[in-house]
Amino acid sequence: MLNFKVLEELETNPKLLNAISNFKYKVIKGKVKVLLNTNLKFIEPTIYEISSPITLTIYEYKINEISNRPFYIKEHKNKYNLTEIVSILKKF
């Protein structure tokens with residue numbers, strides 16, 4: 001059986017929460033886990049599920065050095081940065 005240990009709970013993004021404050025939404029906090037007896041790390045993203053007036057699922061990944069686009073919109077199947085996310089949300 002695989003055993004995981006949670007190393008870190010990821011915080012929500014206050015700027016994104018401010019941008020979606022007019023929508024009906026639910027937030028699921030992300031986690032950084034490690035598989036015990038190995039050095040394999042798994043990152044679960046922070047999920048922002050917007051249900052009204054539009055349906056969007058925004059994943060926020062922990063920032064890495066390669067990409068400066070930590071957000072992914074499931075319905076658009078594309079990566080975005082914070083300013084692009086805010087401009088998309090302002091349209092609605």
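The side chains of Arg69 and Glu84 meet in a salt bridge, at 3.4 Å from N to O; the term denotes a side-chain nitrogen of Lys or Arg within 4 Å of a carboxyl oxygen of Asp or Glu. Arg69 sits in the loop between strand E6 (56-60) and strand E7 (71-73), and Glu84 in helix H2 (residues 82-90). The two residues are 15 residues apart, and the pair links distant parts of the chain. Helices (H or I, at least four residues) and strands (E, at least two) are DSSP runs, numbered from the N terminus. Arg69 is partly exposed at 37% relative accessibility. Glu84 is partly exposed as well, at 25%. Buried means under 20% relative accessible area, exposed over 50%, and partly exposed in between (1.4 Å probe, protein chains only).

The model is predicted: local features need pLDDT of at least 70, side-chain atom pairs count only at pLDDT 80 or more, and totals for chains, interfaces and linings use all residues. Residues are numbered from 1 along each chain as its sequence is written, and side-chain values use heavy atoms, with hydrogens and water left out.

The salt-bridge count comes to four. Among them is Lys26 with Glu49, whose closest N and O atoms are 3.7 Å apart. Lys26 lies in strand E2 (residues 24-28) and Glu49 in strand E5 (residues 46-52), so this pair ties together parts 23 residues apart in sequence. Lys26 is partly exposed at 47% relative accessibility. For Glu49 the value is 29%, again partly exposed.

Lys33 and Glu44 form another salt bridge, with closest N and O atoms 2.9 Å apart. Here strand E3 (residues 31-35) holds Lys33 and strand E4 (residues 41-44) holds Glu44, 11 residues apart. Glu44 is partly exposed at 31% relative accessibility.
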